[in-house]
Amino acid sequence: MTTPQEPVEAAEAAATGTSALVGGVGGAASGGRFAVVGVGPGDPELVTLKAARLIAAADVVAFHAGPGKASNARRIAADLFPAGVIEEQLTYPVTTGDTAHPGGYAGAMGAFYEDAAARLEAHLDAGRLVVLLAEGDPLFYGSAMYLHDRLAARYATQIVPGVPAFAAATAAAASPLVRQTDVLTVLPGTLPEPELARRLADTDGAIIMKLGRTFPAVRRALTAAGRLDGAIYVERASTPQQRVAPVAEVDADTVPYFSLIIVPGDVRNGRRTRDAADPALHAPRTSVKTIEDSAVALGGLTSGAIAAPPPAALLVVGLGPGPDRWITPEVTAALADVNHVFGYGPYVNRVPQRAGLTRHASGNTVERDRAREALDLALAGERVAVVSGGDAGIFGMASAVFEVAEDPAFAAVPIRVLPGLSAVQAVAARAGAPIGGDFAVVSLSDRLKPWSVIENRLVHIAQADLVLALYNPASRSRTEQIGRAREVLLDHRSPETVVVVGRDIGQSEESLTVTTLGELDPASIDMKCLVLIGASGTRVGPSGVWTPRFVPEGSA
C-alpha cells in the first residue's frame with residue numbers, strides 16, 4: 001500500500017515498478033487520493049491494466065450494492081484486491097421509486113450519497129488512496145459519478161474509463177451497431193413510451209438501457225417505431241450467465257435490470273437497409289416517374305408488368321398551437337391512416353409514432369423542399385401528411401404545398417387541407433374576446449417579404465382601426481422588428497391602445513400579459529409570443545379583454 005503522501009500516479013508506479021503517465025487528475029493537492037475506476041461489464045478479463053494497477057495499490061476499495069445483494073463490481077475485481085485492504089460497501093437504500101422517505105426516491109438517494117461521501121471523506125482525510133469501483137464505465141449511467149460530484153473538488157481525483165455494457169453486448173451479439181454516417185442514440189427504457197418510440201423511429205442505431213420492469217413498454221415502443229424485428233436482447237453481457245435473443249422472443253417476466261437492447265442501424269423491420277460492400281444499396285431512391293420514363297424508352301410496359309399505383313391525396317394538416325387536446329378529431333383520424341409525415345422537426349415530434357409510420361423532420365427554412373418530397377411520395381401512391389403548428393393555412397405549410405404543386409408533374413395529386421386551431425384563436429380565447437370584431441393578421445417575419453411591405457401594411461391596418469394579430473414578432477435572429485412595428489403603430493394609434501401578449505399558450509409555462517401600446521416592452525417579446533394590438537374600441541373589463549361588435553357610423 002502507498003504512503004499518505006504518494007499521488008495516484010505514484011501508487012500505480014509502486015504497484016508495477018514502472019513510472020506512470022500523469023493525466024486526469026483534478027481537485028486539491030492535499031489529503032488522500034480518490035480514483036473512480038471502471039471495471040467493465042462483468043468479465044474480469046475486461047478490466048483494463050490501468051484499473052487493475054490502481055485497485056492493487058488501494059488502501060480502501062469502495063463499491064455499490066443493492067439491498068440484500070452482493071456487489072457486481074466487487075465480484076468483477078475481487079481477485080485484484082491487495083491483502084489488508086479496507087472494503088467499504090455502499091448499500092443503496094432503495095432501487096426503485098418506492099420509499100417511505102419524506103423526500104421520495106430522490107430524497108432517499110440524495111441522503112444515501114451524502115452519507116457515502118462522508119464515509120469516503122474520512123479515509124481521504126486520513127491520507128488514504130480510495131478506489132471506487134464502477135461497473136462498466138464510471139460516467140455512463142453510473143452511480144459513481146454522484147460521489148465524484150461531491151468529492152472531486154476537494155481531493156486529487158482520477159477517473160479510469162471502463163468497457164461499457166453496450167460494447168460487451170454488441171460483441172456478444174456479433175452485431176454491427178452503426179456504420180459510416182449512422183447516428184447512434186443511447187436511450188433509457190424509463191422514458192415515456194411515446195417519446196421512446198419517437199426517438200427510436202428518428203435514429204439509425206440505438207441502445208436501450210435500464211430494462212427490468214420497463215421491458216413491456218420498451219417492446220411496445222419498438223413495435224410502434226417499426227424497429228422490433230432485428231432488435232437484439234442481451235442479458236448480463238460477458239458473464240457466464242450471458243443470454244442473447246431476439247427481443248420479440250423474450251419473456252418479459254424474466255428480464256433483469258442488467259440487460260439491454262441493441263437496435264442495429266442497418267436493420268429496419270428485420271431487413272438490412274445498407275451494406276458498405278454493396279454500393280447499389282446507397283443509390284438514390286428511384287422515383288415512379290423515372291420508372292415510367294424508362295418503360296416508355298424501352299417501348300412501354302409489358303403485359304405482365306406491374307403498373308404504378310395511382311396518386312394518393314396529400315393531406316396538409318394543422319396540429320393546433322400546442323396541447324394534444326386541441327388537435328381536431330379529423331386530424332387525429334387522418335394521421336392514424338398515413339404512412340409518412342413531413343414537417344418542421346418540433347411539429348413532426350408531436351405526431352405519435354406507430355408501426356408503419358415514417359417521419360420526415362426538417363428545418364424551418366426548407367418549406368418548398370419539404371413540400372416537393374411529400375408530393376413526390378403522394379404521386380407514387382403513398383399516404384402522406386404534411387403537418388404545421390396551429391392552422392396549416394395561416395403562415396403554415398398549405399401555401400408552400402400549393403406553390404410547389406403548380407408544377408405540372410404534380411397535377412394528378414389531390415391536395416386536402418384539414419384545419420387546425422390557430423394561435424390567434426387560442427390567445428384571443430385566453431384573453432376574452434379581443435377579435436370579436438374585424439381584425440387583421442400580419443407576420444413580422446421579413447424572410448419572404450421585404451420590411452417595407454410589412455410597414456406599409458401596418459400603417460394601413462392602423463389607419464383602418466382594425467384589431468391586429470402579430471405572428472412571428474421576434475426570433476433569435478430578428479429582435480428589432482417588434483420595436484419598429486410598435487413605433488409605426490404609435491404614429492397612428494393612441495399609447496393607451498390595449499395590447500395582449502400571449503406566450504406559450506396551452507403549454508405548461510403559458511403566460512398572458514395585458515398592457516398598452518405605450519407600455520409594451522419589445523425586449524419582453526420572443527419567438528414563442530403572439531401579440532394582439534387592440535382597436536380604438538377594444539376594452540379591458542373585469543372578465544377580460546373584448547372588442548365591441550358595434551362600430552359607430554363615421555369610424556375609420
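A: Let us begin with burial: a residue counts as buried under 20% relative accessible area, as exposed over 50%, and as partly exposed in between. Please keep in mind that this is a predicted model.

Q: Is Tyr471 buried or exposed by that cut-off?

A: Tyr471 has 12% relative accessibility and therefore counts as buried, whereas Phe395, at 44%, counts as partly exposed.

Q: How are the rings of Phe395 and Tyr471 placed relative to each other?

A: Planes under 30 degrees apart count as stacked, over 60 as edge-to-face, and the rest as tilted. The ring centres of Phe395 and Tyr471 lie 5.1 Å apart with their planes at 55°, so this pair is tilted. The pair links distant parts of the chain, 76 residues apart, with Phe395 in the loop between β17 and α13 and Tyr471 in strand β21.

Q: How many aromatic pairs does the structure hold?

A: There are nine aromatic pairs, including Phe112 with Tyr113, whose ring centres are 5.0 Å apart and whose planes meet at 55°, so that this pair is tilted. Both Phe112 and Tyr113 are buried, and together with Tyr92 and Tyr146 they form one aromatic cluster.

Q: In what order do the strands of the open sheet lie?

A: The five strands follow the order β16-β15-β17-β14-β18, with parallel pairing; β16 and β18 are the edge strands, each pairing on one side only. Within the sheet, five bridges join β14 to β17, and Leu314 has Val384 of β17 as its bridge partner. Helix α12 (residues 367-379) packs on the sheet, and its direction makes about 170° with that of β15.

Definitions and conventions: Residues are numbered from 1 along each chain as its sequence is written. This is a predicted model: local features need pLDDT of at least 70, side-chain atom pairs count only at pLDDT 80 or more; totals for chains, interfaces and linings use all residues. Side-chain values use heavy atoms; hydrogens and water are left out. Two strands pair if DSSP finds at least two bridges between them. Helices (H or I, at least four residues) and strands (E, at least two) are DSSP runs, numbered from the N terminus. Contact means heavy atoms within 4.5 Å. Axes are lines fitted to C-alpha atoms, for helices over the stretch in contact, and angles run from 0 to 180 degrees between N-to-C directions. Rings of Phe, Tyr and Trp (its six-membered ring) pair if their centres lie within 6.5 Å; planes under 30 degrees apart count as stacked, over 60 as edge-to-face and the rest as tilted. Buried means under 20% relative accessible area, exposed over 50%, partly exposed in between (1.4 Å probe, protein chains only).
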